Amino acid sequence: MSGRDLEALRQEITEYYQTYFAELRSRLADHELAIPSGAVPGHLKGFRRVVTVLGSDGVMITHWPNPWGDEFEFHLSPEKPVAKLVAEECAGERVLDYPPGADFGVREMTEPLRLVMDGREVWRAPWTRLEVSSRLDAWRDLERARRAAREDLVRYAGLSGEGL
C-alpha cells in the first residue's frame with residue numbers, strides 16, 4: 001500500500017469508530033431510553049484507545065480502556081498474518097483460524113475474551129473489543145458503525161431493538 005492509501009485507511013477507521021462511540025454515548029445519555037447505569041457493562045463505558053494493526057493479510061483493531069479520552073493509533077506489522085496478531089492479544093491462543101491467503105471477512109469479539117475454569121474466571125483480555133477484517137474497505141460504512149453501537153446496547157444492556 002502506498003503512503004496515501006495507508007493514510008486513507010487510518011482516516012476511515014478513525015471516523016468509523018468516532019461514529020460508533022458518538023452513537024453509543026448518545027444512546028446511553030438519552031433520557032427517554034432511561035438505561036440504568038448498572039445495566040451497561042463496563043466494556044461499553046468510558047473512553048478508548050483504539051489500536052489498529054495492519055498485518056500481512058488484513059487488519060486487527062483492539063479497543064483499550066483510556067481515562068484521558070479517545071485516542072487512535074495505527075501500526076504496521078507486514079510480516080505477521082492477522083491470525084498471529086490476534087493470538088498475541090488472546091494469551092497466545094489461536095482463536096482465529098483460516099487457510100493462508102483466505103478471505104476471512106469481518107469478525108469481531110464485542111467484549112473481552114475470558115478464560116473460565118470450573119465456573120471461575122481465571123483470565124480476561126485487557127482489551128474491550130477486537131475486530132479483524134481481510135477487507136480493507138470494511139470501515140467505510142458509517143451506518144454500520146451506528147448499527148453496531150445499537151446492536152451492542154441491545155445485546156449487553158438488555159434493550160429491545162425497537163426503541164433504538
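From the N terminus on, the elements of this chain follow the order α-β-β-β-α-β-β-β-β-α, which amounts to three helices and seven strands; helices (H or I, at least four residues) and strands (E, at least two) are DSSP runs, numbered from the N terminus. The radius of gyration of the chain is 16 Å, close to the 15 Å that the globule rule gives for 164 residues, so the chain is as compact as a globular protein of that length; the radius is taken over C-alpha atoms, and the rule is 2.2 Å times the number of residues to the power 0.38. The model is predicted, so that local features need pLDDT of at least 70 and side-chain atom pairs count only at pLDDT 80 or more, whereas totals for chains, interfaces and linings use all residues. Residues are numbered from 1 along each chain as its sequence is written, and side-chain values use heavy atoms, with hydrogens and water left out.

**The chain as a whole**

- Along its principal axes, the C-alpha trace of the chain spans about 50 × 45 × 30 Å.
- Of the 164 residues in the chain, 41% are buried, where buried means under 20% relative accessible area, exposed means over 50%, and partly exposed lies in between (1.4 Å probe, protein chains only).
- The accessible surface of the chain comes to about 9000 Å², and carbon and sulfur atoms contribute 50% of that surface; such areas come from the Shrake-Rupley method with a 1.4 Å probe, and for residues only the protein chains shown count as cover.
- Among the contacts in the chain with a separation of 6 or more, 56% are between residues 24 or more positions apart, a contact being heavy atoms within 4.5 Å.
- The chain carries 22 positive and 28 negative charges, whose mean positions are 2 Å apart; Lys and Arg count as positive and Asp and Glu as negative, while His and the chain ends are not counted, and the place of a charge is taken as NZ of Lys, CZ of Arg, CG of Asp or CD of Glu.

**Strand 1 (residues 48-54)**

- Val-50 belongs to strand 1 and, at 1% relative accessibility, counts as buried; leaving aside its neighbours within four places in sequence, Val-50 is in contact with Tyr-17, Phe-21, Ile-61, Thr-62, His-63, Glu-71, Phe-72 and Glu-73.
- Val-50 and Thr-14 lie 36 residues apart in sequence, while their C-alpha atoms are 8.4 Å apart in space.
- Thr-52, also in strand 1, is buried with a relative accessible area of 2%, and its contacts beyond four places in sequence are with Ile-13, Val-59, Met-60, Ile-61, Glu-73, Phe-74 and His-75.
- Val-53 is a further residue of strand 1 that is buried, with a relative accessible area of 11%; not counting residues up to four places away in sequence, Val-53 touches Gly-58, Val-59, Met-60, His-75, Ser-77 and Leu-85.

- Ala-91 sits in the loop between helix 2 and strand 4, and has a positive phi of about 55 degrees although it is not a glycine.
- Arg-94 is found in the loop between helix 2 and strand 4 and is exposed, with a relative accessible area of 54%.
- Leaving aside its neighbours within four places in sequence, Arg-94 is in contact with Ala-83 and Ala-87, and its C-alpha atom is separated by 18 Å from that of Ser-77, 17 residues apart along the chain.
- The side chain of Arg-94 makes a polar contact with the side chain of Asp-97 (3.3 Å); a polar contact is a pair of N or O atoms within 3.5 Å, and within protein one must be able to donate a hydrogen and the other to accept it, while residues adjacent in sequence count only if both atoms are side-chain atoms.

**Two aspartates**

- Asp-118 lies in the loop between strand 5 (114-117) and strand 6 (120-124), where Asp-118 counts as exposed at 83% relative accessibility and has a positive phi of about 55 degrees although it is not a glycine.
- Asp-152, found in helix 3 (residues 142-157), counts as buried at 1% relative accessibility, and its side chain makes a polar contact with the side chain of Arg-155 (2.7 Å).
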